[in-house]
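I am opening my notebook on a chain that is new to me. Come along while I look things up one at a time.

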Amino acid sequence: MDNEITIADAPDRSRYEAHDADGNLMGFVDYRLTSSAIAFLHAETLPDYRGRGVAGKIAVKSLEDARDAGLRVKPLCPFYKQFLEEHTEYADLVGAPEAK
């Protein structure tokens, strides 16, 4: 299927990857993980796949995983900075944890 995209964490490479239905790499985001935070360093969509929402799908999956793991997010990559500004539903993941 032309628009099928699978997003998966590739912890051995410290990145999330997007693949099409044939297993071709479409894009990725590199990250640095600590026990309490994940820093997104560099997002890239390969030229043949640009304009299909690949980076956004990677961002959603990686941010949902960070939330599920209780990690703080450090958006060091310009794409993630912009994505988080536009998608305020993830604002709770950025910055210092709230005091209880």
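I noted where the values come from. This is a predicted model, in which local features need pLDDT of at least 70 and side-chain atom pairs count only at pLDDT 80 or more, while totals for chains, interfaces and linings use all residues. Residues are numbered from 1 along each chain as its sequence is written, and side-chain values use heavy atoms, with hydrogens and water left out.

**Entry: the overall plan**

I looked up the helices (DSSP runs of H or I, at least four residues) and the strands (runs of E, at least two), both numbered from the N terminus. I found two helices and five strands, and from the N terminus on they run β-β-β-β-α-β-α.

Next I checked the extent of the chain. Its C-alpha trace spans about 45 × 30 × 20 Å along the principal axes. The radius of gyration, taken over C-alpha atoms, has a globule rule of 2.2 Å times the number of residues to the power 0.38. For 100 residues a compact globule would have a value near 13 Å, and the chain has 14 Å, which agrees.

**Entry: helix α1**

How far apart are the end C-alpha atoms of α1? I found 23 Å; at 1.5 Å a residue, the 16 residues should span 22 Å, so the two agree. The expected span here is 1.5 Å times one less than the number of residues.

I then listed the buried residues of α1: Val54, Ala55, Ile58, Ala59, Ser62, Leu63 and Ala66. Seen down the helix axis, they fall within an arc of 150°, so they line one face of α1; the arc is that of the directions from the axis to the C-beta atoms. Counting a contact as heavy atoms within 4.5 Å, I saw that these buried residues pack against β1, β2, β3, β4, β5 and α2. Just after α1, Gly70 takes a positive phi of about 70°.

**Entry: salt bridges**

I reminded myself that side chains of opposite charge can pair when their charged atoms come close. A salt bridge here is a side-chain nitrogen of Lys or Arg within 4 Å of a carboxyl oxygen of Asp or Glu. My search of the whole structure gave six.

Which residues does Arg67 pair with? One partner is Glu64, at 4.0 Å from N to O. Arg67 and Glu64 sit three residues apart in α1, so about one helical turn separates them. The other partner I noted is Asp92, with the closest N and O atoms 2.5 Å apart. That pair links distant parts of the chain, as Asp92 lies in the segment after α2 and Arg67 in α1, 25 residues apart. Arg67 is partly exposed at 30%, and Asp92 is partly exposed at 42%.

**Entry: the loop between β1 and β2**

I found Ser14 in this loop. Ser14 has a positive phi of about 55° although it is not a glycine, and it is partly exposed at 32%.

I also found Asp12, Arg13, Arg15 and Glu17 linked in a network of salt bridges. Within it, Arg13 and Asp12 have their closest N and O atoms 3.3 Å apart. Is Asp12 buried or exposed? Asp12 is exposed at 63%, whereas Arg13 is partly exposed at 44%.

How values were computed
Buried means under 20% relative accessible area, exposed over 50%, partly exposed in between (1.4 Å probe, protein chains only).
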